[in-house]
Amino acid sequence: MADSLPFPIARVGIIGGGQLARMMVKAAKRLGCTCVVLDPTPDSPAGQVAGRQIVGGYHDADKLRELAAATDVITYDLEHIATEPLMALASGGVRIQPAPELLALVQDKLTQKRFFAQHGIPTADFTAADSLTPEAFAAFGFPLVQKARRGGYDGRGVAVMRGPEDFDRHLPVPSLLERFVAASKEIAVIVARGADGTCRCYPPVEMGFSDQNVLDLLLAPAAIDAAAAERARDIALKTVQALNGVGVFGVEMFLTDDGDVLVNEVAPRTHNSGHHTIEACVTDQFEQHLRAVLGLPLGSTEQLRPAAMINLLGDPASQGAARISGMRQALAIDGVCLHLYGKDTTKPHRKMGHVTVLDHDIDSARAKAEQVRALIKITGEETL
Ligand SMILES: Nc1ncnc2c1ncn2[C@@H]1O[C@H](COP(=O)(O)OP(=O)(O)O)[C@@H](O)[C@H]1O
Ligand SMILES: [Mg+2]
């Protein structure tokens with residue numbers, strides 16, 4: 001039969017064994033795939049579920065070759081990986097999606113922003129910060145945002161400066177300077193693009209951030225007007241099409257006070273702002289990503305119920321062997337879907353799990369999510 005597939009459907013290699021990979025492994029198993037995870041920490045969150053983990057660094061060419069030999073296609077759950085070994089593997093015929101060239105482009109925030117500018121994708125004005133001096137910052141003008149070109153995540157690598165007095169807090173690393181955006185909301189659109197160029201977008205979501213710049217409260221769908229939602233979807237789609245990406249992409253955007261949509265950044269992977277899709281949408285972002293990289297048809301992105309999501313972060317005042325309190329009370333609330341990531345040690349603000357609350361309307365979903373946040377605490381044995 002021309003259309004028959006073997007078992008397993010595919011052997012999927014995943015670079016990075018964190019929570020995103022863990023949730024991807026679960027989806028992969030549902031689709032009849034097997035998984036091998038590459039991560040330096042034995043028994044990583046994804047390794048526990050995959051059943052097979054290669055213990056090694058993301059940059060280790062030998063371990064990457066071992067991963068390639070054991071799998072049919074390779075993908076990743078983080079963007080901070082060396083791309084040269086991936087490019088070498090790809091030129092030798094190994095299937096890696098999204099493509100290593102795309103990863104190289106977006107893992108440097110300056111080349112990413114230049115790409116947006118070249119392709120007419122609206123984004124805040126920026127410049128390369130060639131010299132990190134008070135004069136250079138003043139010449140660009142305040143308020144500004146200094147961003148490390150590489151290695152940032154969850155706000156590490158971002159410094160917001162209101163005026164010259166903030167220069168003392170500048171990051172001593174290769175950077176870009178960006179115009180501070182007075183955003184009324186931060187929103188995100190998850191876009192899936194298949195190998196044949198077919199695209200599907202999830203409805204825009206609204207993101208609130210903590211002081212630590214970790215996603216704090218996600219509301220899906222975003223409470224924005226229909227015109228802004230359509231504009232956000234169009235821009236997110238255009239971004240992923242311009243990148244020629246295959247897989248799932250998280251496109252983070254600002255909705256400005258005067259109604260413009262500006263792209264902040266794009267993540268070449270599943271995204272924290274898409275966790276609600278597991279319960280709230282017909283096809284979740286993890287399965288969708290696999291469908292894309294395996295060349296299978298994409299699924300419906302329709303959202304069935306309003307959802308609010310919170311991350312469960314490690315208590316700021318302790319670390320070590322983790323305990324969770326409030327779990328029983330939280331699970332007793334209707335609509336609460338709890339995910340723990342299998343991390344047995346905690347540290348301040350570490351992402352230990354998340355909770356998605358489904359309800360008939362977004363306001364009650366949100367209220368329950370806030371209630372869960374107040375109930376659940378994840379603490380470590382050692383007080384800091
Ligand atoms: N130009 C900007 N104007 C205003 N706030 C910004 C700007 N750029 C980033 N931020 C804030 O900093 C956060 C983190 O920046 P981002 O570039 O998304 O870095 P990360 O890679 O850590 O997610 C954003 O979610 C937003 O709250
Ligand atoms: Mg971001």
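Predicted model: local features only at pLDDT ≥ 70, side-chain atom pairs only at ≥ 80, totals over all residues.
Colleague: Okay! Where does A228 sit, and which residues is A228 in contact with?

Modeller: A228 is part of helix α8 (residues 226-243). Helices (H or I, at least four residues) and strands (E, at least two) are DSSP runs, numbered from the N terminus. A contact needs the C-beta atoms of two residues, placed from the backbone, to lie within 7 Å. Leaving aside neighbours within four places in sequence, A228 is in contact with L255, G259 and V261.

Colleague: And how do I read the chain as a whole? How many helices and strands does it have?

Modeller: The protein chain has 12 helices and 20 strands. Its radius of gyration, taken over C-alpha atoms, is 21 Å, close to the 21 Å that the globule rule gives for 384 residues, so the chain is as compact as a globular protein of that length. That rule is 2.2 Å times the number of residues to the power 0.38. Of the 384 residues, 43% count as buried.

Colleague: What domains does the assignment give?

Modeller: Domain bounds come from an automatic or database domain assignment. Here we get domain 1 (11-96), domain 2 (125-179) and domain 3 (183-383). The centres of domain 1 and domain 2, taken over C-alpha atoms, are 34 Å apart.

Colleague: Where does ligand 1 lie, and why do we say so?

Modeller: Look at who lines it. A residue is near a molecule if its C-beta atom, placed from the backbone, lies within 6 Å of it. Ligand 1 has 19 residues around it, with V145, V158, E178, F180 and V181 the closest. Two or more residues come from each of β6 (144-148), β8 (175-179) and β14 (261-267). Both domain 2 (125-179) and domain 3 (183-383) give residues to this shell, so ligand 1 lies between them.

Colleague: Now the core. How many residues does the largest nonpolar core have?

Modeller: In soluble globular proteins, nonpolar side chains tend to be buried together. A nonpolar core is a set of buried Ala, Val, Leu, Ile, Met, Phe, Trp, Tyr and Cys residues joined through C-beta atoms within 7 Å. The largest one has 90 residues, and M24, V251 and M253 have the most contacts inside it. Helix α1 (residues 19-30) gives the most to this core, with 7 residues. Domain 1 (11-96) and domain 3 (183-383) each supply at least three residues to this core. A second, separate core of 7 residues includes F126, A129, M161 and L177.

Colleague: Is helix α10 mostly covered or mostly open, and what do its buried residues pack against?

Modeller: Mostly covered: 9 of the 9 residues of α10 (residues 285-293) are buried. The buried residues of α10 pack against several elements, including α1, β4 (73-76) and β13 (247-256). After α10 comes G295, with a positive phi near 75°.

Note on methods. Residues numbered from 1 in each chain as written. Chains lettered and ligands numbered in written order. Buried ≥ 20, exposed ≤ 12 C-beta atoms within 10 Å, placed from the backbone.
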